[in-house]
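Q: I'm new to reading protein structures. Could you walk me through this one?

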Amino acid sequence: MEARHGGAERAGRAGKTAIAVSGPKPQPSPKPKRWIALLVVMAVLAAAAGGFLWRRSQTGGSVLNCSHQGTSVTAKDYCYGGFTPLEPSGERLSETQAGPYFTKAVADTFAADDAVRLAAAAGDTKAVNAAAEKARDAANHAAETLASRTWPGSVTKAMRMVIVEYQARATIYENLTKNSNHEAIDYMAFDQFKDSGAQDLVRATLELDPEPAPALPVAVTAVRDAGDCTAYVMKNGKAVQATRRCVDFTVTNRTKSAISTILLKFNLLGADGGIRRTNLTAISSSLAEDSDNPATIASGASVTVRATLNPKTVESGDRIALTQWSITDTRNDIHMDDITAAQAAASAAVGDFRFR
């Protein structure tokens with residue numbers, strides 16, 4: 001099965017970054033755990049902030065970024081940017097006003113972002129174009145709404161970065177409103193935007209809930225230790241049957257299009273949470289006997305995705321941690337992305353599973 005998609009493996013998500021921030025007046029000391037968490041996020045923010053400010057100083061604040069992934073013919077399919085960063089201005093918000101105002105300003109962006117990702121995962125170009133229009137408008141609205149106020153000193157620097165990030169997202173979505181290059185769509189939808197952690201800092205400082213994790217195109221609703229099973233393995237260059245330890249995932253197609261195959265990658269964890277094996281694979285058995293005419297998994301349908309493990313590597317109490325999803329669409333194109341810790345944690349079925 002040929003993957004037309006850009007890279008075979010997804011790079012891990014960019015780490016969070018750090019800006020030292022201070023409030024306009026002394027505040028009560030937060031609880032120790034929350035203060036430590038804030039320090040960690042702040043310590044990461046400075047690097048990203050410094051990089052952005054350097055780039056802005058070199059370019060005057062308006063950058064058109066075109067990836068070298070494309071050829072001279074397709075380079076335009078990878079272009080985004082070219083905006084002038086908005087500066088916060090207008091009525092000053094108090095500490096108590098800032099949280100509700102921020103929450104309302106960005107509320108429409110999450111579902112809009114998810115719609116683009118789900119459409120891209122299924123290889124539905126027209127759906128990507130339509131969803132990207134709504135996501136672009138939501139991101140622009142968030143940036144403009146946030147920039148129409150002056151913010152408390154405790155979040156001023158981080159808020160400038162948040163505004164710029166929403167502007168950057170809007171230009172990525174503008175690209176996707178017209179893009180028909182399948183490889184470029186996946187690259188723009190899954191790889192191009194890297195958040196700095198500024199929104200995490202704003203939310204922590206204003207005592208808001210964390211930013212929702214992006215929706216996955218597949219949902220793991222159940223995990224079952226299937227015990228011993230028979231599977232083919234390669235031995236001396238030949239496929240032979242062997243006894244394996246099987247685990248079955250019940251997985252639902254959350255996209256709005258039919259797909260042909262679902263693949264999950266995961267790590268095997270010990271009972272103490274330590275990583276014991278990496279890069280393990282589970283795949284759906286949806287392929288028909290004729291590999292050129294695969295059975296399809298309809299939107300909303302669930303299938304069994306099975307992993308066959310060396311029984312010697314599995315111990316009672318072992319756990320699993322999902323690391324990557326991959327979908328083959330009905331055109332035989334492969335789409336994939338890493339699964340973040342927040343996304344993995346959203347599946348109670350996976351979190352509760354233990355090998356017998």
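A: Phe-355 has 3% relative accessibility, so it counts as buried (buried means under 20% relative accessible area, exposed over 50%, partly exposed in between, with a 1.4 Å probe and protein chains only). Keep in mind that this is a predicted model: local features need pLDDT of at least 70, side-chain atom pairs count only at pLDDT 80 or more, and totals for chains, interfaces and linings use all residues. Residues are numbered from 1 along each chain as its sequence is written, and side-chain values use heavy atoms, with hydrogens and water left out.

Q: How do the rings of Phe-353 and Phe-355 sit against each other?
A: A pair of aromatic rings is described by the distance of the centres and the angle of the planes. Rings of Phe, Tyr and Trp (its six-membered ring) pair if their centres lie within 6.5 Å; planes under 30 degrees apart count as stacked, over 60 as edge-to-face and the rest as tilted. That rule gives five aromatic pairs here. For Phe-353 and Phe-355, the centres are 4.9 Å apart and the planes at 75°, so you call the pair edge-to-face. Phe-353 is buried too, with a relative accessible area of 6%.

Q: What about the rings of Tyr-101 and Trp-151?
A: Their centres are 5.7 Å apart and their planes at 65°, so this pair is edge-to-face. Tyr-101 belongs to helix α2 (residues 95-106) and Trp-151 to the loop between α4 and α5 (156-176), so the pair ties together parts 50 residues apart in sequence. Tyr-101 is buried at 17% relative accessibility, and Trp-151 is buried at 2%.

Q: How many helices and strands does the chain have?
A: Helices (H or I, at least four residues) and strands (E, at least two) are DSSP runs, numbered from the N terminus. This chain has nine helices and nine strands.

Q: In what order do the strands of the open sheet come?
A: Strands of a sheet pair through backbone hydrogen bonds, either parallel or antiparallel. To count as a pair, two strands need at least two bridges found by DSSP. Here seven strands form an open sheet in the order β3-β4-β7-β6-β5-β8-β9, with antiparallel pairing. β3 (218-235) and β9 (334-338) are at the edges with a single partner strand each, so one side of each has no neighbour in the sheet.

Q: How many bridges join β3 to β4?
A: There are 16, and β4 covers residues 238-253. One example is Cys-229, whose bridge partner in β4 is Arg-244. Their hairpin has two residues between the strands, and Asn-236 takes a positive phi near 55° there.

Q: Which residues is Asn-129 in contact with?
A: Contact means heavy atoms within 4.5 Å. Leaving aside neighbours within four places in sequence, Asn-129 touches Leu-176, Thr-177, Lys-178 and Asn-179. Asn-129 lies in helix α4 (residues 125-147) and is buried at 17% relative accessibility.
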